[in-house]
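Please look at the sequence and the model, then read the points below.

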Protein chains: 4
Amino acid sequence: MIDKREQILKATAEMIVEHGLQACPMSKISALAGCGAGTIYRYFETKQDLVKALFDDLITKLTAACTEGYDASLPLRERFFTLWGNYYRYVLANPCQRALMDQLLASPTICAEHRENSLTVLQQVIGQLLDDGKHQGVFKDLPNELLNTVTYGSLSMMAKKQQQAPEKFSCVSCDEEDILSLCWDAIRR
Amino acid sequence: MIDKREQILKATAEMIVEHGLQACPMSKISALAGCGAGTIYRYFETKQDLVKALFDDLITKLTAACTEGYDASLPLRERFFTLWGNYYRYVLANPCQRALMDQLLASPTICAEHRENSLTVLQQVIGQLLDDGKHQGVFKDLPNELLNTVTYGSLSMMAKKQQQAPEKFSCVSCDEEDILSLCWDAIRR
Amino acid sequence: MIDKREQILKATAEMIVEHGLQACPMSKISALAGCGAGTIYRYFETKQDLVKALFDDLITKLTAACTEGYDASLPLRERFFTLWGNYYRYVLANPCQRALMDQLLASPTICAEHRENSLTVLQQVIGQLLDDGKHQGVFKDLPNELLNTVTYGSLSMMAKKQQQAPEKFSCVSCDEEDILSLCWDAIRR
Amino acid sequence: MIDKREQILKATAEMIVEHGLQACPMSKISALAGCGAGTIYRYFETKQDLVKALFDDLITKLTAACTEGYDASLPLRERFFTLWGNYYRYVLANPCQRALMDQLLASPTICAEHRENSLTVLQQVIGQLLDDGKHQGVFKDLPNELLNTVTYGSLSMMAKKQQQAPEKFSCVSCDEEDILSLCWDAIRR
DNA sequence: GATGAATGAGAATTCATTCAT
DNA sequence: GATGAATGAATTCTCATTCAT
């Protein structure tokens, strides 16, 4: 049998995505994970801890996915497309994780500070990319937060919409290229 | 005393924003609303109904705010800036409602169908705007969903970030103009 | 229906006496009290609080019973026999309360400080009695604690034994007079 | 390593004394005993059995301690002072065992019959002593139970008080001699 | 023999909902 | 109409006991 901790996290993720944070009792999580109710408490002290661990796990995997193959020495456009292409493909390929992240980021369950800390790595990579772009005169001379928000807001919303109403995006032109280009256009000079 | 139903909705909104959907018992809602626990049930059949009503109320107010002063016969740019300016100012001015909407839209508590229906009015207005823009050759020839998602995703994320970390946006240039222009740039040809 | 709080305390007392502190679930207490499990929590925040309240209640009743008709201006012997006679009759007449007190005083559930504080009133009355007796040269010139312990230890143990094995005390001479006299003899000069 | 059974009994005793019968899980007992949770079950069938064994162990040790050096052919006063002096010194020297006995004797966990049986040996020795004393006209002509209860009640309570509030007994005169003499005085003619 | 992870029945506690006042 | 005490099902969490290693 594979790692039990992993199984519990997976079951929790599925339960939250399907029924919402407010409707996923430990009993159902354990049933879905295929273990006794008490077993969860060997791996996580409280339900709160379980959810936090799930969040951390999510962020770790997302960070790894986004930065895969990313090389800060490549040309700017390539860096941008690699990073955000990685992000976009990852969330599209993992709808459950995307939906889960959505709920966790919207709820006060994960406190602001924890949320902030966990994203540090990714934010630094992005911050460097934007700084370089502004230096080279490629990006608009606006605060990183603003430039980044447009990109991240667009892509995350796009992924969400595609998963919630895929029929509206069946056309050929709605692919990764389009949406990434749109974002690129938005922030370049 | 103002309308009691309104008070209950307000109390529910505050509780959800502060403690999350999974931690707002009816008893605390009634206490915050200044009424007995039983009284809520005169206005809403179940807790589920209360939350749905809250969502509908939210959408109704948002729709009204966004379309205020909007005139489909005005020039395209003006229409765009009126509509999204309205949106952006409204969510910035009502952080509680913005945060609440975030949670409700992320959670499966409000089913997909209900969510979709409630946004019909706003979507039609936006759809018309985008169609007109593409007709006039001002907007990119991409699906409405895509164009709209970039705008909506950027603005909603922007408002969220400003509320969660206002210190990062204290600079002068981070104002409404910038962010709306960025969105306009992203979708125009 | 009489006071519900009182009923819950009574049920708790009976449960503890019959099954022990370690085997009286709230569910059984509520069943015995004739109320829903949740109702207990309207009156006591936690089980711990319930037990503490029970202890306080016990002490209050015991103090009242012991000091009934006690008058510090009466002759020493009369004062002694009134006070300890009251005590002895009370514990014999209320075996459940006596057994309960025994358990609560033996267990660390009620912390030492709380235990000490609750007995302050009774200890002052007894202290005065012993001081007066030593002044008058009637009692031995030994520390109050010691004199008192002999009396209290003897009487409480006596009551316990009589309740646990009444058959051994069926003889006529084992009455209140004997045991009180024995205690009086032990501490007088 | 010394006997593991002994270690488990010792750990159990400490846990019960510190946290009370109602709050000493097997897991914590095993941790304190320095063995696996399952190991306890090699030595004791159930938790109930463990507690019973602990009680029996306690009584055995107490009986041995009390009767050490006791000789029924010695003069009455010496017999009395040996026996109860042994008892008193033993409980003072072993506060944990004293406190534990207190809890076990107060709780219905150890059933009345078992309690009674285990004390048979000690009771016979004491019974003989009291019978002899009454025969010789030294003790009051009252039932053994009564005479014994005064002695045992006083001494056990005394030990308890000294351990719970040692500061009140710091005076020189509060020693073994005083308290034993007090008891002797109480029951002699 | 010893271990401690796993179990699930059962414990404390919460909370949506009802209903007598 | 409004109230909030009462309810008990449902929830989180604990712990005695088992058993594969």
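**Around DNA strand E**

Of the 31 residues around DNA strand E, the ones that come nearest are Gly36(A), Gly38(A), Gly38(C), Gly36(D) and Gly38(D); a residue is near a strand if its C-beta atom, placed from the backbone, lies within 6 Å of it. This is a predicted model, in which local features need pLDDT of at least 70, side-chain atom pairs count only at pLDDT 80 or more, and totals for chains, interfaces and linings use all residues. Residues are numbered from 1 along each chain as its sequence is written, while chains are lettered from A and ligands numbered from 1 in the order in which they are written.

- Two or more residues of the surface near DNA strand E come from each of these elements: α3 (37-43) of chain A, α2 (26-33) and α3 (37-43) of chain B, α2 (26-33) and α3 (37-43) of chain C, and α3 (37-43) of chain D.
- Helices here are DSSP runs (H or I, at least four residues), numbered from the N terminus.
- The surface near DNA strand E has 13 nonpolar, twelve polar and six charged residues.
- Ala, Val, Leu, Ile, Met, Phe, Trp, Tyr, Cys and Pro count as nonpolar, Asp, Glu, Lys and Arg as charged, and the others, Gly among them, as polar.

**A helix pair in chain A**

- Helix α5 (residues 76-93) of chain A packs against helix α10 (residues 176-187) of chain A at an angle of about 130°, and their axes are 11 Å apart.
- Axes are lines fitted to C-alpha atoms, for helices over the stretch in contact, and angles run from 0 to 180 degrees between N-to-C directions.
- From α5(A), Phe80(A), Phe81(A), Trp84(A), Gly85(A), Tyr88(A) and Arg89(A) meet Glu176(A), Ile179(A), Leu180(A), Cys183(A) and Trp184(A) of α10(A).
- The contact of α5(A) with α10(A) consists of eight nonpolar, one polar and two charged residues.

**Chains side by side**

- In chain C, 36 residues are in contact with 36 residues of chain D, where contact requires C-beta atoms, placed from the backbone, within 7 Å.
- On the side of chain C that touches chain D, α9(C) gives the most, with twelve residues.
- That side of chain C has 17 nonpolar, twelve polar and seven charged residues.
- The copies meet through the same surface, because 100% of the interface residues of chain C are also interface residues in chain D.
- No contact joins chain B and chain C, and their closest C-alpha atoms lie 13 Å apart.
- Chain A and chain D do not touch, with their nearest C-alpha atoms 13 Å apart.

Notes: Two residues are in contact if their C-beta atoms, placed from the backbone, lie within 7 Å.
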